[in-house]
Structure formats: structure tokens, C-alpha cells
Amino acid sequence: MNYLRTVWLHLEKELRLEFRSRDALMGMLFFTLLVVVVFSLAFDPTSQPTLARQIAGGLLWVGLLFASTTALNQSWSREMRNGVLDAQRMSPSPPSALFLGKALANFLFVTIVEVVLAPIFFIFFNLHILGQASMLLALLPLGTWAIVVNGTFFAALGLRARSRELLLPLILFPIALPALLAMISAATGILTGETEPQSGLRILGIYDTVYTTVSLLLFETILSAE
Amino acid sequence: MQGLKKALVFAFFVATLVVLVIGFQKAMVAPVDAQQGEIYRAIYYHVPNAIWALCFGYVNLIGALGVLYFRSRDPLKAAAWDALAIAGAEVTVVYCTVCLVTGSLWGRVAWGIWWTWDERLTTTLLLWLLYVSYLLLRRFSPPGQTSTLASVLSVFAAVDIPIVYFSIRWFRTQHPAPVFGGGDGSGMDKSMYPAFLWNLTAWFLWGCFVMGLRYISARRERQAELEVVL
């Protein structure tokens, strides 16, 4: 109970900070919008609706992955100012609660970006869902959590590294690759209706469970690394 | 004592070379494959390298777990385990590279294409990417924390490999792709076994030799760093 309360306090702090400045949210929104626009210009999806349906799932997730790496670094560099991170290390509260609070906050931010941009994405790519649209409700949270849980963890890992903006994608992308494959396959299945999205969702579920566990277990180690 | 050690290392090196030469000779005189002709001989280098790349990846994991265990208990022991992790990761990258290059050359002749996104190819490529990113993290991370941070990444990488393998396998069973022959040695003729086993042993010995040397040098580096700090 106490643990959940600590998580909630961290989450509340993150949300309050973000809604005062809205830096990460605005940055991610505009970045993903730009990625969508650039890809639309490159492929001209309105004249090729079949092709658009086949590639749209991949483009959306790649855009979101890029956008979240830009924001995830920010969410930790905030903690570096005034030695906040050292205070966190000395506090008796469990370190994984800090991680979980931050990951949940980032999850909410990326979800907001998805909710705002999904309609724009559908208009630009002239998409009509041919499969089970309701599956999107399962796919979006699972996929977002897969990106965010590892992203938050590795952003913390590279926090004190040289050129950390470069380091995060270098270690996050290889680790996230199986999740990305599953997300893209499930999204394409939903959009084209040609394949079942269930197997992709199942893999995402397994991936999320495994990496949430590993991250929670190892977060204390990287926070106190000397 | 030092002289004896050096003699043992040298004897091991000579033995490895002998086994490599025998393996090469056996591979060249083994009977020609009925369907693929001479090019199939790539199997004697490609498959052992693939198998040992996976195994040496787990040497890296063992080193990393050692670091995580001894980190706050005994810094000198942690440094030694860290050296094992470095050696494991570097040899994994080299073996993976050999496996990818020989596989690509073989694929060009046997299938007519350099690359396909088959489950084994993708898994091997990801194995390579993960351990390259591990080495990059070692390069970028702040001096005092390198071993801990790298060990954490090593645990993540080791967990990733099975997930990749099974996830790609599941996708492929959903979308049947042409199944290409050759690879795991399951359908191998009995007359090819000696050549295959000699090469398997030879590449194992070679990997152990290189890894051992790298382990010794990395351990000295890490211990010299620690002595400066202490």
C-alpha cells in the first residue's frame, strides 16, 4: 500500500511538472506530426490506398519510437538539476517506485500524443480499417508500454554518460526490435484485415511482462551505480 | 610458475592450430553434397560459428551476473568478472560477424539472394546488434559506472535473444515463407559428421583461446584502474 502511494506521489509530481511546462508533450506531438508529414510526402499514400494500409502501421510506430526517445532523455535530465537524483538515492522510498512513477507518466504522455495524432494520421494516409478496429484498443497501450518501459529505463542508464542523446537510441532500438516487429505486424493485421493480430498482441504481452519485471528488479542497481 | 603458464598457453595454442588444420583438411575432403555441390562446405565454418556465437553470448551474461553479485562485496572480483564479460561480448561479435558473412555468401550461391528475413538470420543479426550496442555503451558510459551499467544491459540482451527467436518463429508460422534447406545439421549425411565435429571443436578451442587472452588483458586493465582508485 505504501509502495503504491510512493508511485502515485512520483506520478503526480511528474504530471504536475509536465503540465506546467508542456515541453515534452509539445515536442513529441510536433515531432511525430513532422514524421507523418515527411512520410506522406515521400510515398503519396492517397493515390495508393493498398500500399498505404500495408506500410502505415510501421510508419506510425517508428515515428512514435523516434519521438519518445527525444522526450525520454528530458524526463531524466530534469532530475539532474540541483542534485535531485542524489536526494532520491538517499531517500528511504523504494527506487523502483520512482522508476514506475516516471514510466507511467511517460506512458500517459505518449498515449496523449497517439490520441491527438491518430485522426490526423488516418486522414493523411487515407486509411480505412479493414480488420477488427477494436483490437487497436489493446494494441496501442501494449505497444506504448513496450516502448516507454525500456525507454525510461535506458534513459536512466545513460543519464551520466557522454553524448547521452546518441546513446539512448543506440541501446533502445536493438532491445525494442522484437516489440517493434510485433507492433507492426499486429497494426498491419488490423489495417489490412488479411492476418490475425492476436499473435502479435500475445508477443507484446509477454515482452511487456518480462521487461517490466527486469526493469523493476534492476533499477536500484543503475540508480546507485558508482 | 610464470614460465609454466606461458608454456601451457603456447601448448593450447598449438593444439588449437592442429585441430583447425585437421578440421580444414576434413572439410575439404568430405564428400560433395548431392544437391548443393561444393558450396555446401561453407557449413563447416558457418554453423560452428553460429553455435559458438550464441554460447559465448552467455559467457558474457555469466560475467555480467558475476559483476552484479560482487559489485558491492568485492571490487577486485567484480573487475575480474567484468573482464570475462568484455571478452565474451567481443568474441560474440566476431563470431557473429563470421557467421553473417559466410551465411550471406552461401545464401547468394544456394538461394540466389544475399539475405532473407528468416527467423535464424534475423535472430543472428539482432544478436550482433545487441552486442555491438553493449560495446558502444562501454565506450560511452562514465568511467566509474561502466561495468555496472554494461552488466545491466547484458542481462537485457540475454533476455532479448529467446524472445526474438520465438517471436519471429511465430510470425513465420502465420505467414508461411519458403523454408530453405541447410543450416542446423539435422539432415546431415553420416559421412559428413567427422568433418563437422572436428570444425565444431576447432572453433570452440579457437574462441576459448582468444577469449582467454582477452580476459587476461582486460583483467589487468581493470585491476590497474582499480589500483589507481584505491
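This report covers the A–B interface, a salt-bridge network and a surface patch in a predicted model.

Local features need pLDDT of at least 70, side-chain atom pairs count only at pLDDT 80 or more, and totals for chains, interfaces and linings use all residues. Residues are numbered from 1 along each chain as its sequence is written, chains are lettered from A in the order in which they are written, and side-chain values use heavy atoms, with hydrogens and water left out.

**Interface**

The size of an interface is often given as the accessible area lost when the parts come together. Between chain A and chain B about 2900 Å² is buried, 77% of it on carbon and sulfur atoms; buried area is the accessible area (1.4 Å probe) that two parts lose on being put together, summed over both. On the side of chain A that touches chain B, the elements giving two or more residues are α6 (136–157), α7 (164–192) and α8 (198–223) of chain A. Helices here are DSSP runs (H or I, at least four residues), numbered from the N terminus. The largest share of that side, twelve residues, comes from α8(A). Chain A gives 36 residues to the contact and chain B gives 31 residues, where contact means heavy atoms within 4.5 Å. Two residue pairs are in polar contact across the interface of chain A and chain B, both at pLDDT 80 or more. A polar contact is a pair of N or O atoms within 3.5 Å; within protein, one must be able to donate a hydrogen and the other to accept it, and residues adjacent in sequence count only if both atoms are side-chain atoms. The interface of chain A and chain B has zero salt bridges.

A salt bridge is a side-chain nitrogen of Lys or Arg within 4 Å of a carboxyl oxygen of Asp or Glu. The whole structure has 13 salt bridges over all chains, including these:

| Pair | N to O distance |
|---|---|
| Lys13(A), Glu14(A) | 3.3 Å |
| Arg78(A), Glu18(A) | 3.2 Å |
| Glu79(A), Lys102(A) | 3.0 Å |

Glu79(A) lies in helix α3 of chain A and Lys102(A) in helix α5 of chain A, so this pair ties together parts 23 residues apart in sequence. Both Glu79(A) and Lys102(A) are buried, as are both Arg78(A) and Glu18(A). Buried means under 20% relative accessible area, exposed over 50%, and partly exposed in between (1.4 Å probe, protein chains only). Glu14(A) is buried at 1%, whereas Lys13(A) is partly exposed at 25%.

**Surface patch**

Phe19(A), Ile112(A) and Val116(A) make a nonpolar surface patch of about 230 Å². Ile112(A) belongs to helix α5 (residues 95–124) of chain A. Patches are made of residues with over 30% relative accessible area and no salt bridge, with like charges joined within 9 Å and nonpolar side chains (Val, Leu, Ile, Met, Phe, Trp, Tyr) within 5 Å.

Terms used. Accessible areas come from the Shrake-Rupley method with a 1.4 Å probe; for residues, only the protein chains shown count as cover.
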